[in-house]
Amino acid sequence: MTASSAAINGATTAAGKVARHAGVDRLFHWLSAACVLVLLATAFLPILGVEFGWVTIHWMTGLVLMAAVLFHIVRALFWRSLRSMWLGVADVHDAAAIVAATLRRDATTLPKPGKYSVAQKFIHHAFAVVVLTTLVTGGMMLARIDTPWWQRNPYLLADGTWGIVYVLHGLAALLLITMVMMHIYFALRPEKRLFLRAMIRGWITREEFAEHHDPRRWQVDR
């Protein structure tokens with residue numbers, strides 16, 4: 001395996017450890033998570049009666065998240081392997097096998113994924129769609145507030161168009177609440193904590209790699 005392919009697919013960090021997430025990717029994950037939590041808090045706490053100056057915090061946090069997402073997109077396109085996150089034929093087979101094993105209550109026949117399981121790929125794409133929806137609609141809504149860089153222009157779009165923008169933004173925000181709760185729940189489950197540790201420290205052990213991954217589908221440096 002070449003050094004470049006090892007960097008893309010994962011590499012041994014030390015004896016008995018396999019690199020799963022680079023430091024920059026972990027930084028993006030936790031920065032995005034913090035931004036999403038702040039955005040949700042500033043969006044829904046005022047509705048619950050908690051009064052504070054939330055507007056400035058909300059739109060400035062949105063800009064930080066937008067910059068982080070743009071950086072992640074550029075990094076994914078030019079410096080990462082998009083194939084590792086694609087949903088392909090193998091993932092369809094995995095999903096069918098998981099359903100069949102669940103119905104038979106036979107966990108021994110569950111297929112081993114590559115670096116990311118079909119569930120992890122699905123939640124990634126779901127977050128991508130929902131977060132991009134909030135960012136695009138939120139970016140459009142910035143035209144309705146005064147900032148240090150521009151003055152508000154509520155007439156940029158027709159009233160009917162603004163209604164669609166607000167509905168999409170609110171719907172995406174509600175979906176984010178549910179998705180974040182599900183994400184935290186599964187991250188804290190005992191059998192999934194190796195992935196939480198990997199997102200904090202960057203690595204899994206060789207034993208975890210052998211137990212949870214197919215080395216033919218996720219090739220790491222030996």
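## Model and confidence

The protein chain has an average pLDDT (the predictor's confidence in each residue, from 0 to 100) of 88, and 91% of the residues score at least 70. This is a predicted model, in which local features need pLDDT of at least 70 and side-chain atom pairs count only at pLDDT 80 or more, while totals for chains, interfaces and linings use all residues. Residues are numbered from 1 along each chain as its sequence is written, and side-chain values use heavy atoms, with hydrogens and water left out.

Confidence in the protein chain is lowest in helix α1 (residues 3-9), with a mean of 41, and highest in α2, with 96. The pLDDT is below 50 over residues 1-10, a stretch that has 19 contacts in the model beyond near neighbours in sequence. Contact here means heavy atoms within 4.5 Å.

## Overall architecture

The protein chain contains eight helices and three strands. These are DSSP runs numbered from the N terminus, with helices being H or I of at least four residues and strands being E of at least two. From the N terminus on, the order of elements is α-β-β-α-α-α-α-α-α-β-α.

The C-alpha trace spans about 60 × 40 × 30 Å along its principal axes. Of the 222 residues in the protein chain, 31% are buried; buried means under 20% relative accessible area, exposed over 50%, and partly exposed in between, with a 1.4 Å probe and protein chains only. Among contacts between residues at least 6 apart in sequence, 68% join residues at least 24 apart.

## Helices α2, α3 and α6

Helix α2 (23-44) has 22 residues, and its first and last C-alpha atoms lie 32 Å apart, close to the 32 Å expected at 1.5 Å a residue. The expected span of a helix is 1.5 Å times one less than its number of residues. Buried residues of α2 include Asp 25, Arg 26, Phe 28 and Cys 35, and the buried residues of this helix pack against α3, α6 and α7 (193-201).

The 25 residues of α3 should span 36 Å at 1.5 Å a residue, which agrees with the 36 Å between its end C-alpha atoms. Its buried residues include His 58, Trp 59, Gly 62 and Arg 75, and what covers the buried residues of α3 includes α2, α5 and α6. Helix α6 has 30 residues and reaches 44 Å from its first C-alpha to its last, close to the expected 44 Å. Among the buried residues of α6 are Trp 162, His 169, Leu 176 and Met 179; the buried residues of α6 pack against α2, α3 and α5.

## The second largest pocket

The second largest pocket holds about 640 Å³ of space. On a 1 Å grid over the protein atoms alone, a pocket is an open set of points where a 1.4 Å probe fits, with protein on both sides within 12 Å along at least five of seven lines, and lining residues have an atom within 4 Å of a point. Grid points are joined across faces, edges and corners, and the volume is the space filled by probe spheres set on the points.

This pocket is lined by 29 residues, with Trp 54, His 58, Gly 138, Met 141 and His 169 nearest its centre. The elements giving two or more residues to the lining are α2 (23-44), α3 (54-78), α5 (118-141) and α6 (159-188), and α3 gives the most, with eight residues. By class, the lining has 21 nonpolar, seven polar and one charged residues. Ala, Val, Leu, Ile, Met, Phe, Trp, Tyr, Cys and Pro count as nonpolar, Asp, Glu, Lys and Arg as charged, and the others, Gly among them, as polar.

## Selected residues

Arg 144 lies in the loop between α5 and α6 and is partly exposed, with a relative accessible area of 26%. Not counting residues up to four places away in sequence, Arg 144 touches Arg 152, Pro 154, Trp 162 and Tyr 166. Asp 146 is found in the loop between α5 and α6; leaving aside neighbours within four places in sequence, Asp 146 is in contact with Gln 151 and Arg 152.

Ala 198, in helix α7, counts as buried because its relative accessibility is 0%. The C-alpha atoms of Ala 198 and Arg 20 are separated by 6.4 Å, although these residues are 178 residues apart along the chain. Ala 198 touches Arg 20, His 21, Arg 26, Trp 203 and Ile 204, not counting residues up to four places away in sequence.
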